[in-house]
Every structure is written in C-alpha cells, then in structure tokens.
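Please keep the sequence and the 3D view at hand while reading.

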Amino acid sequence: MQWKLTLPGQVAALRTDLFDATVSEIYEAKGSIARESIRMAIGQLLDYRRHVPVPGAALAVLLPARPSDDLVDLVTSAGMSCVYRQDAGRFHRVGPTTAS
C-alpha cells in the first residue's frame, strides 16, 4: 500500500514508497547505499510519519545492498530499521534494537 499525503498549502502531494498495514510500517526505498541517499530516506520518513494517519507507525529504510556499518548505525540510531537485499529475493533487517 502507498499513502498519498495532500498537505495544506502544497500543490504536490507526498507519496510514501510502501506502507505495510499488517505491521504499521512505512518504508522508504532507495536505489543506492550512498550516504546522501540514506540521509534523504531518513528525512523523508520523518516527514511522512508526521502526516500518515497511523499513530506510532514504524519506519524502515529499504536498500539494494548492505551499507557500511556506520550507515546502518545512522539508520538504527534514528529509531528506524535498515532493511537490505542479501541475495535473490531475500532481505535482512537490522532494527533499532536488534543485533546486526
């Protein structure tokens, strides 16, 4: 599912990449594990959570590969999960309270 968020005074709507309603989690997907992409994802998720009408929604950055340890720490220290592709169709999750 995707949220389309129409904000007062804004012409363009914000659109989340993915919302998993079964666990109330918003995902922001990036095609790169570059620091700039991950920082952008963190900011976007914080912005979306303010407007998604699901109190306490969890946040996750979805990436095509495992980023550096420092970037995994950046995501998890922001209280978000870092989810990345390991191999064909398998993903690994490092959450803010899980071990890598």
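Leaving aside residues up to four places away in sequence, T76 touches V94, G95 and P96. The model is a predicted one, and in it T76 is found in helix α2, which spans residues 69–77.

- T76 counts as buried because its relative accessibility is 13%, and buried here means under 20%.
- Besides its contacts with V94, G95 and P96, T76 has a side chain that reaches the backbone oxygen of D73 at a distance of 3.3 Å.
- T76 belongs to the buried residues of α2, which are L71, V72, V75 and T76; seen down the axis of α2, these buried residues fall within an arc of 135°, so they line one face of the helix.
- The elements that cover the buried residues of α2 include α1, β5 (58–63), β6 (81–87) and β7, whereas D69 and S77, on the other side of α2, are exposed.
- Just after α2, G79 takes a positive phi of about 80°.

- A search of the whole structure finds six salt bridges, and one of them joins R93 to E25, with the closest N and O atoms 3.0 Å apart.
- This pair links distant parts of the chain, since R93 lies in strand β7 (residues 90–94) and E25 in strand β4 (residues 25–29), 68 residues apart.

**Other salt bridges**

- D47 forms a salt bridge with R50, in which the closest N and O atoms are 2.8 Å apart; both residues lie in helix α1 (residues 35–51), three residues apart, or about one turn of the helix.
- An α-helix has 3.6 residues a turn, so residues three or four places apart point the same way.
- Within this pair, D47 counts as partly exposed at 26% relative accessibility, whereas R50 is exposed, with a relative accessible area of 61%.
- E28 forms a salt bridge with K30, the closest N and O atoms being separated by 3.4 Å, and E28 counts as buried at 3% relative accessibility.

How values were computed. Residues are numbered from 1 along each chain as its sequence is written. This is a predicted model: local features need pLDDT of at least 70, side-chain atom pairs count only at pLDDT 80 or more; totals for chains, interfaces and linings use all residues. Side-chain values use heavy atoms; hydrogens and water are left out. A salt bridge is a side-chain nitrogen of Lys or Arg within 4 Å of a carboxyl oxygen of Asp or Glu. Helices (H or I, at least four residues) and strands (E, at least two) are DSSP runs, numbered from the N terminus. Buried means under 20% relative accessible area, exposed over 50%, partly exposed in between (1.4 Å probe, protein chains only). A polar contact is a pair of N or O atoms within 3.5 Å; within protein, one must be able to donate a hydrogen and the other to accept it, and residues adjacent in sequence count only if both atoms are side-chain atoms. Contact means heavy atoms within 4.5 Å. The arc is that of the directions from the helix axis to the C-beta atoms.
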